[in-house]
Amino acid sequence: MASPRGWVVALYIMGGFAAAMLGSRFVIRPLMHFVAHTNVREAFTALALLLVIGAAMVTDHLGLSPAFGAFLGGVLLADIDKPAKAASD
């Protein structure tokens, strides 16, 4: 039988993933569009790097793997639609 701690960790992971996807839709995507339309490539790159490192730090603080946080940051970046990416090029 699985320990209760295992279920708590699984709920943290699922809740974190759901919160990250919601945050991506309503916070990260508009912010990336704004930065992309400024036509400052360095700002777009810095924001993407900050997103990945920040996600790794948050998951590390929650007791999860920083690699999982970096993965979530990559998923959030992949969720950005093409016009924002094209505007940054």
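Student: Which pattern does the protein follow, read along the sequence?
Tutor: Read along the sequence, this predicted model follows the pattern α-α-α-α, with 4 helices and 0 strands; helices (H or I, at least four residues) and strands (E, at least two) are DSSP runs, numbered from the N terminus. Residues are numbered from 1 along each chain as its sequence is written. Local features need pLDDT of at least 70, side-chain atom pairs count only at pLDDT 80 or more, totals for chains, interfaces and linings use all residues, and side-chain values use heavy atoms, with hydrogens and water left out.

Student: OK, and how are H1 and H3 packed, at what angle?
Tutor: Helix H1 (residues 4–37) packs with helix H3 (residues 66–78) at about 40°, and their axes lie 9 Å apart; axes are lines fitted to C-alpha atoms, for helices over the stretch in contact, and angles run from 0 to 180 degrees between N-to-C directions. That angle makes H1 oblique to H3, a word for what is left after roughly parallel (under 35 degrees), roughly antiparallel (over 145) and roughly perpendicular (65 to 115).

Student: Which residues of H1 and H3 make the contact?
Tutor: Contact means heavy atoms within 4.5 Å, and H1 brings Ile-13, Gly-16, Phe-17, Ala-20, Met-21, Ser-24 and Met-32, while H3 brings Phe-68, Leu-72, Val-75, Leu-76 and Leu-77.

Student: Changing topic, how much of the protein is buried?
Tutor: Buried residues (under 20% relative accessible area, with a 1.4 Å probe and protein chains only) make up 27% of the 89 residues.

Notes:
Buried means under 20% relative accessible area, exposed over 50%, partly exposed in between (1.4 Å probe, protein chains only).
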